[in-house]
Amino acid sequence: MFPERRTALVLSLALISCAEEGAEAPPVPSASRVAASLRPRVSFKGPVRWGSDLARALALPVDELCFELSQYDCLETHAIALGGVEPYTLGIDAPLPVLPVTAAIAADRVALEACRQRADLDLGAVAEPVLFTELRAGAPTRASLEAVSARLYRRVLSREGRPEELSELADFYEEVVAEATLHPERDWAVTACFALASSLESLFY
């Protein structure tokens, strides 16, 4: 799903630390009302900031978003790959100058597991679903899919989704159904959440 986002993520993570501090902002079309950025570059959030944002969006404890081997916090395990530091045990007190290619894999790992947890909670016995309320009633309607999509954009990316973005996520449900999965509502919930949680907009600021 959305392969262009994945390609852009890998390239951005590899090159972000190589950007020149004095790079000029790209020209803004005269018809646009968007002001040119005074600081024309983005920064990778890193494990602490991104983990906190993801935990808030999905209403999950930040130290329980993901576990490796069912016992090691993923954000701590992959802290260095995600641009963090570990001065006490490894003696790494500054982020790597260039993020490794494995940063994208680590981010995907955390986002996918966190979204799976939220979907399983919301579609299970939890009394008050956070994201996927409309999916508990069985096969969703177009309106309910777009309602969930809008909520995902508000919580994960802290903005309103554009109509075409909501339509794109809703359309993806038909692709999930075509795969003949046993639980298409759950599978769509996990992958729709993952698409936003692992996007450039979620990982950078």
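Residues are numbered from 1 along each chain as its sequence is written, and because the model is predicted, local features need pLDDT of at least 70 and side-chain atom pairs count only at pLDDT 80 or more, whereas totals for chains, interfaces and linings use all residues. Side-chain values use heavy atoms, with hydrogens and water left out.

The protein chain has eight helices and two strands, where helices (H or I, at least four residues) and strands (E, at least two) are DSSP runs numbered from the N terminus. Along the sequence these elements follow the pattern α-α-β-β-α-α-α-α-α-α. Of the 205 residues in the protein chain, 39% are buried; here buried means under 20% relative accessible area, exposed means over 50%, and partly exposed lies in between, as computed with a 1.4 Å probe on protein chains only. Contact means heavy atoms within 4.5 Å, and among contacts between residues at least 6 apart in sequence, 60% join residues at least 24 apart.

Helix α6 spans residues 163–178, has 16 residues and reaches 24 Å from its first C-alpha to its last, close to the 22 Å expected at 1.5 Å a residue, the expected span being 1.5 Å times one less than the number of residues. The buried residues of α6 are Glu-165, Leu-166, Leu-169, Ala-170, Phe-172, Tyr-173 and Val-176. These residues lie on the same side of α6 because they cover an arc of only 140 degrees around the axis, the arc being that of the directions from the helix axis to the C-beta atoms. Pro-163, Glu-174, Glu-175 and Ala-178, on the other side of α6, are exposed. The packing partners of the buried residues of α6 are α5 (142–156) and α7 (184–197). Just after α6, Ala-180 takes a positive phi of about 55 degrees.

Two packed helices are described by the angle between their axes and the distance between the axes. Axes are lines fitted to C-alpha atoms, for helices over the stretch in contact, and angles run from 0 to 180 degrees between N-to-C directions. For α5 and α6, the packing angle is about 125 degrees and the axes are 9 Å apart. The two helices α5 and α6 are therefore oblique to each other, given that angles under 35 degrees count as roughly parallel, over 145 as roughly antiparallel, 65 to 115 as roughly perpendicular and the rest as oblique. The crossing of α5 and α6 is right-handed; a crossing is right-handed if the near helix is turned clockwise from the far one by less than a right angle, and left-handed if anticlockwise. On the α5 side, Arg-142, Leu-145, Glu-146, Ser-149, Ala-150, Leu-152 and Tyr-153 meet Glu-165, Leu-166, Ser-167, Leu-169, Ala-170, Asp-171 and Tyr-173 in α6.

The axes of α4 and α7 come within 8 Å and cross at roughly 140 degrees, and α4 and α7 are therefore oblique to each other. The crossing of α4 past α7 is right-handed. Asp-108, Ala-111, Leu-112, Cys-115, Arg-116, Ala-119 and Asp-120 of α4 make this contact with Arg-186, Ala-189, Val-190, Cys-193, Phe-194 and Ala-197 of α7.

Within α4, Ala-111 is buried, with a relative accessible area of 0%. When residues up to four places away in sequence are not counted, Ala-111 touches Trp-50, Leu-54, Phe-194, Ala-197 and Ser-198. Although Ala-111 and Leu-54 are 57 residues apart along the chain, their C-alpha atoms are separated by 7.9 Å. Leu-123, by contrast, is placed in the loop between α4 (102–122) and α5 and is partly exposed, with a relative accessible area of 28%. Not counting residues up to four places away in sequence, Leu-123 touches Phe-132, Leu-135, Arg-136, Glu-185 and Arg-186. The C-alpha atoms of Leu-123 and Glu-134, 11 residues apart along the chain, are separated by 9.4 Å.

Most residues other than glycine have a negative phi. Located in the loop between α5 and α6, Ser-158 is exposed, with a relative accessible area of 53%.
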